[in-house]
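Me: Could you walk me through this structure, starting with the ligand and then a few single residues?

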Amino acid sequence: MSEDCIFCKIIRGDFGTEFVYETENTVVFNDINPKTPVHMLVCPKKHIETLNELEDKALMSELLQTVKEAAKKVGLKSYKTLINTGKEAGQEVFHLHIHVMGKV
Ligand code: 5GP
Ligand code: ZN
């Protein structure tokens, strides 16, 4: 948990954000500014700033499994995934997240 991280606050439930899907170590919620009709963000519950700091292989696996399960849950058969790593690549929120984008 990082006190000044917006995603940690969302994950802690500070804003009452609805979770699309959740596992022991991951959570999925809708992007506030969707670029596609369905635009979800898959995050580890633990504060990890970028993909470069993700070392836990079990968590890597759980994150991708969560992508699949969340997509299935909302009826997305076809979708794009994106991870921005670092400011120059367009990362704005420094709590690791996988964008899942598509339309049902
Ligand atoms: P990044 O550019 O870091 O890969 O993506 C950050 C994403 O988080 C953006 O698509 C942005 O719309 C989304 N976002 C930023 N602040 C919030 C927020 O408070 N709530 C939600 N649900 N999404 C947010
Ligand atoms: Zn965080």
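**Ligand contacts and selected residues**

Reply: A polar backbone atom of N30 lies 2.9 Å from a nitrogen atom of ligand 1, a polar contact being a pair of N or O atoms within 3.5 Å. This is a predicted model, in which local features need pLDDT of at least 70, side-chain atom pairs count only at pLDDT 80 or more, and totals for chains, interfaces and linings use all residues. Residues are numbered from 1 along each chain as its sequence is written, chains are lettered from A and ligands numbered from 1 in the order in which they are written, and side-chain values use heavy atoms, with hydrogens and water left out.

Me: How much of ligand 1 does the protein bury?
Reply: Ligand 1 taken alone exposes 520 Å², and the protein buries 86% of that, with areas from the Shrake-Rupley method and a 1.4 Å probe.

Me: What elements give two or more residues to the shell around ligand 1?
Reply: They are α1 (6-12) and β2 (26-30), where helices (H or I, at least four residues) and strands (E, at least two) are DSSP runs numbered from the N terminus. The most comes from α1, with three residues.

Me: And which of the 17 residues come nearest to ligand 1?
Reply: Those are D31, N84, G90, E92 and H99, and a residue is near if one of its heavy atoms lies within 4 Å.

Me: Changing topic, where is C43, and is C43 buried or exposed?
Reply: C43 is in strand β3 and is buried, because its relative accessible area is 0%; buried means under 20%, exposed over 50% and partly exposed in between, with a 1.4 Å probe and protein chains only. From C43 to V67 the C-alpha distance is 9.6 Å, although they are 24 residues apart in sequence.

Me: What about E49, where does that lie?
Reply: E49 lies in the loop between β3 (38-44) and α2 (57-74), and E49 counts as partly exposed because its relative accessibility is 42%. E49 and T85 are 36 residues apart in sequence, with 9.0 Å between their C-alpha atoms.

Me: Last one: where is T17?
Reply: T17 is in the loop between α1 and β1 (21-22), and its relative accessible area of 28% is why T17 is partly exposed. The C-alpha atoms of T17 and F29 are separated by 7.4 Å, the two being twelve residues apart along the chain.

How values were computed:
A polar contact is a pair of N or O atoms within 3.5 Å; within protein, one must be able to donate a hydrogen and the other to accept it, and residues adjacent in sequence count only if both atoms are side-chain atoms.
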